[in-house]
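Here's a quick tour of a protein model for you. Take a moment to look at the sequence and the 3D view, and then we'll walk through it topic by topic.

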Amino acid sequence: MSMKSGTFVLAAGTALLLALTACGDDNTASSESSSDQTFTGVPVTVMTIAPVDTAAINQPEIHESAKAAVATINAAGGLGGHEVKLITCNDGNDTNKAADCARRAVSEKAVAVLGGFTTNGATINPILEDAGIPWIGAPGFSANELGDKNSYLLLAGGTSFAGIAAKAVKDGCSTISTVQYDSPATGHSTDLINLGIRNAGGQPANVIKVPTTTTDFTSVAKSAGESDCAILGLPNDQVVAVAKAGESVGVDTRYYPLTGALNETVLSQAGEAMAGATSASNFVVASDPAWDAAKSASDDVDWTGVYNQDTWASYQVLADVMRGHTDITAATVTQAMEGAKEINAGGLMAPVDFTVEFTAPELNRVFNRNVVYTTVEDGKIVQDGGFEDLSPLFVQ
């Protein structure tokens, strides 16, 4: 099954969908250092961008993830002996504010932008790229993040849609529906879902488009219930609403939330209605001991949240690739990333080779195509097997 150029560009429309499934000015700088540390070099600056205090998407825990990661690095002696100064920049879901964040990274001589969450990558990344600043762990929504040479993705992004769909077929789902908001994202994401279904030998999904003003999901749940399984591309609250509505009318279907929408928040609200639900992640499940350091660093973060995980992992990648380096600049970080192989963020993800780009058109910076599948068992999110490579879904 070949992939046509341009068909699966995850630009503005798909960015909106992914933003929704993920879940004032807070642009601050801090060192998050231990008072008993002595650093041998001048401080270096990093930035993490995420929206907070807005009327729409808010991701304050991403900033907490970054603070916890920086505190951990500084407590261990910093980055090559340099104290790390963190700027948490609030893009406010606004293009102009996003550009301000990127320009601040340039003016403050940030050595890297790390993790974060934004739907404004098309604005941010050209500014970073022109200044030679690498973005490690970009969320991967815009064509710029997916294609620009300064972008080093840890997430499979929309490519995981195909993996989740293929998993549904392999699990025995003979009929599949997709439930998504009626937005420009629907076409792109449905193409990816159907790519996975076809590769697994299934029939195309029935597409259920939900108006963004929907508050009663009973009819949606009934429509989804006509299929064996339903792939849910909705925000946390709406995933819960579909599952609870289905439970109330006796729907017997298995749910497959897209990446980011199967987490403790959803599970705590939906309860038994999400029993058996399955999704995918580029990181080991949050109960794995590999996450112990993150949990010890902060108990103010839901470490089942994919963008919280991505942000923490991005800092671990930076610390790993710069180990042994004392000259820490945007240029040396970029050089180190260009030669980085077998990077696993302390066991959080499958080893990634950043020296070889993905061959799928317009997805060349999707370096990490290995996912684990997660499922709900006895009220807990557990890992279903080891890492699986999604690359074969995108080549003949």
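Before we start, contact (or touching) means heavy atoms within 4.5 Å. What you see is a predicted model, where local features need pLDDT of at least 70 and side-chain atom pairs count only at pLDDT 80 or more, while totals for chains, interfaces and linings use all residues. Residues are numbered from 1 along each chain as its sequence is written, and side-chain values use heavy atoms, with hydrogens and water left out.

**The whole protein**

- You'll find 13 helices and 13 strands here; helices (H or I, at least four residues) and strands (E, at least two) are DSSP runs, numbered from the N terminus.
- The radius of gyration is 20 Å, which agrees with the value near 21 Å that a compact globule of 396 residues would have. This radius is taken over C-alpha atoms, and the globule rule is 2.2 Å times the number of residues to the power 0.38.
- Along the principal axes, the C-alpha atoms fill a box of roughly 65 × 40 × 40 Å.
- Of the 396 residues, 57% count as buried. Buried means under 20% relative accessible area, exposed over 50%, and partly exposed in between (1.4 Å probe, protein chains only).

**The nonpolar cores**

- In soluble globular proteins, nonpolar side chains tend to be buried together.
- A nonpolar core is a set of buried Ala, Val, Leu, Ile, Met, Phe, Trp, Tyr and Cys residues joined through side-chain atoms within 4.5 Å.
- The largest one has 50 residues, and Val46, Tyr315, Val317, Val333 and Phe354 have the most contacts inside it.
- At least two residues of this core come from each of β2 (41–49), α2 (60–75), β3 (82–89), β4 (112–114), α12 (306–321) and α13 (330–338). The top contributor is α12, with nine residues.
- Leaving aside residues up to four places away in sequence, Phe354 touches Tyr152, Leu153, Leu154, Val317, Met337, Glu338, Ala340, Ile343 and Phe367.
- Another core lies apart from that one; it has 47 residues, including Met47, Ala98, Ala102 and Ala330.

**The parallel sheet**

- Strands of a sheet pair through backbone hydrogen bonds, either parallel or antiparallel. Here, two strands pair if DSSP finds at least two bridges between them.
- Four strands make an open sheet with parallel pairing, in the order β8-β7-β9-β10. Its edge strands, β8 (206–210) and β10 (254–257), each pair on one side only.
- Strand β7 (residues 176–181) runs parallel to β8, with five bridges joining them. Gln180 has Lys209 in β8 as its bridge partner.
- Helix α6 (residues 159–170) lies across β7, β9 (229–233) and β10, at about 160° to β10. Helix α9 (residues 236–248) lies across β7, β9 and β10, at about 175° to β10. For these angles, axes are lines fitted to C-alpha atoms, for helices over the stretch in contact, and angles run from 0 to 180 degrees between N-to-C directions.

**The antiparallel sheet**

- An open sheet of three strands pairs antiparallel in the order β11-β12-β13. Since β11 (278–281) and β13 (380–389) are at the edges with a single partner strand each, one side of each has no neighbour in the sheet.
- Seven bridges pair β12 (residues 370–377) with β13 in the antiparallel sense. Tyr373 stands opposite Asp384 in β13.

**A buried asparagine**

- Asn125 sits in helix α4 (residues 121–131). Asn125 counts as buried because its relative accessibility is 0%.
- Not counting residues up to four places away in sequence, Asn125 touches Trp135, Asn144, Glu145, Asp148, Asn150 and Ser151.
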